[in-house]
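Let's take a walk through this structure together, one contact at a time.

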Amino acid sequence: MNVYVPPISLESTPWGAERVRQFRIIPRLEAYPAVVSFAQTVAGKLVLLTLFGAGMTYFVKDWLVLSLCLALITFIPSRRRLLVTISTLIFTFAVPWRSFPLKSYTVSMIVLCIALGGMFFWSAVRFPRSWYGRRPVFVLLSSYSVLILAASSVPQDWTLWGPLWLFVHFFSIYVWFIAYSLLDHNAADRDPFKFQLGSYLPFWGSTTTPFAKGAAYLRRIEAKDGKQLAITQLKAVKLLSWALLLFWFGHWFDYCIYQYLRIPPFQTALALSVQRTPLPWYVCWASLIAGFFGGIISLCVTGHSIIAGCRMAGFNALRNTYRPLSSRTVAEFFNRYYFYFKELLVDFFFYPFFLRYFKKNRKVRLVAAIFAAACFGNAFFHFGRDLIFIERLGLIGALVNYQVYLFYCVVLATGISISQLRHRNPAPAGFIRGQLLPSALVVFFFCLLDVFGSTERNYPLSEHFRFLSHLFNLNL
Amino acid sequence: MDHIAEVRQFLKQVLAGRDDRQPFTDSTSLFLSGRLSSVDAVDLVVFLEERCAIDFTEVGFDQSKIDSIDAIRLLICAAGVSR
């Protein structure tokens, strides 16, 4: 992978309007050759590691262990992938050891999940032309669905009900990481399982959406020499600084909105609407908009701090959230808002569908693939992730409870489809028509969609529609 | 115009559509570096299917296979449609 950064010489920094245009809150450190050279020295590496560790104290409780792992990886780059796996195992077992409720029980569940992942991977590699080897991800996700079905049909008084559900919970955490390994099984330069394991809930952090995808992606974005490592680590420190700024801004934002202005959170506004004591429509708008922007800030902070850790380990991963408010189309916003979740949907649902079906009709092909990803894939991911609802309400109850999010997925897929089908003319000239207006419309769409997306699954779809109509001062 | 020249021209247009006027060489990473997104990858896939008769269900799809002109050249050669 190219890590080309146009150099900036200290002497040639422009002045005037050009300097204003190039202004960055956090300067492009990686563009200064002198800084990059320093970052390649032992002292430079120690400075970067110290700065990074200090920044991480805000985000990770075990920042010292994390820093030690990163230091090892920084000073022994030839063993980077192996050290990533060891660090990941440390963060899987040793670091959370004290917080495990039933230690041997929890450890055996995690080991079982990893072993299953290994078995799936080994079988796909060993028998690539078998029925399973040609569709390992489909088999994995089908097995996962059958497992959920089986667990939900077991009576609660059965002795193994608890262990079974515990296993399903752990497997739901690992399933997408295993799936990324299976995508790599056919690659000529695929990693062995010991390296795949390093990407299973990696030590730099992740949600159930694999942050920075899987081993194949890590292999391609890995720093190949000292200079690339220095640039990648400088970008890591920059990104962490940006995360810190947003973290503090988020606190100030929350204080201003929820304490100083006393705007109620969206969930409160919705609950009051359900109780037939709705807030004034303009307060509902304020609540919705504040929740939308608060969500973006929060996602930026989480994503940036995780990707900063990944970069510090020597992998030049793309940001999870990148200037979402500058998006001019619905599809672009979806790409910029939560990149790794979008990539998951694209890798496991969009491409498999797009490359196989409706090849003769381009529009039908595109729309069907978008619905496979943004509607079905999105719904499948969240239904499997939030197992607590299935455990508590049973499968049918959880499905009924899921109606609001299903509606959200349908509207999202429709929005992306329309956005993709519209004839792509060049953007109109001028800031207002070319950027501001389209971006504002996109934000408006996603803000309204949040009425259905920010759901805690407490109320039926009709209540969300009631809230939506109340936003326009229509009281149903 | 051979396939690679067509692909180069196509990618230039896609990058221009994203206001990306930076130069790119045959080895420049386009998708892994974030200059193009998966939305653009769809257009490129359709282009390669139609112009170069590549069947991705046969050769297998992976974004790294279309990440640069060099990678696309290898893909076209592997699919046996190189002129």
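Before we look at any pair of helices, we need a way to talk about them: an axis here is a line fitted to C-alpha atoms, for a helix over the stretch in contact, and the angle between two axes is taken between their N-to-C directions, from 0 to 180 degrees. Also keep in mind that what you see is a predicted model. The predictor gives the complex an ipTM of 0.87 and a pTM of 0.91. For chain B, the pLDDT averages 85, and 95% of its residues score at least 70.

Where the two touch, domain 1 of chain A puts in 23 residues and domain 2 of chain A puts in 22. Which helices supply at least two residues each on the domain 1 side of chain A? Look for H8 (136-153), H9 (161-183) and H11 (215-221) of chain A. H9(A) gives the most to that side, with seven residues. Sort the residues on the domain 1 side by class and you get 15 nonpolar, seven polar and one charged.

Now for the helix pairs. Two packed helices are described by the angle between their axes and the distance between the axes. Find H12 (residues 226-260) and H14 (residues 281-312) in chain A: their axes come within 8 Å and cross at roughly 155°. An angle over 145 degrees counts as roughly antiparallel, so H12(A) is roughly antiparallel to H14(A). The crossing of H12(A) past H14(A) is left-handed. Their contact holds 17 nonpolar, seven polar and three charged residues.

Next, hop to H17 (residues 362-385) and H19 (residues 403-421) of chain A, whose axes come within 9 Å and cross at roughly 150°. That is why H17(A) and H19(A) are also described as roughly antiparallel to each other. This time, though, the handedness is right-handed as H17(A) passes H19(A). On the H17(A) side, the residues in contact include Leu366(A), Ile370(A), Phe371(A) and His382(A), and among those they meet in H19(A) are Tyr405(A), Cys409(A), Ile416(A) and Gln420(A). By class, this contact has 15 nonpolar, four polar and one charged residues.

Are H13(A) and H21(A) roughly parallel or roughly perpendicular to each other? The axes of H13 (residues 266-274) and H21 (residues 461-471) of chain A come within 9 Å and cross at roughly 100°. Angles from 65 to 115 degrees count as roughly perpendicular, so that is the word for H13(A) and H21(A). H13(A) brings Leu270(A), Ser273(A) and Val274(A) to the contact, while H21(A) brings Glu463(A), Arg466(A), Phe467(A) and His470(A). Here the classes come out as three nonpolar, two polar and two charged.

Finally, zoom out to where the chains touch. Chain B has 17 residues in contact with 16 residues of chain A. On the chain B side, the elements giving two or more residues are H2 (38-52) and H3 (56-59) of chain B. H2(B) gives the most, with four residues. The chain B side that touches chain A divides into six nonpolar, 10 polar and one charged.

Conventions
Residues numbered from 1 in each chain as written. Chains lettered and ligands numbered in written order. Predicted model: local features only at pLDDT ≥ 70, side-chain atom pairs only at ≥ 80, totals over all residues. Parallel < 35°, antiparallel > 145°, perpendicular 65-115°, else oblique. Left-handed = near helix turned anticlockwise from the far one by under 90°. Nonpolar A, V, L, I, M, F, W, Y, C, P; charged D, E, K, R; others polar. pLDDT = per-residue confidence, 0-100. Contact = placed C-beta atoms within 7 Å.
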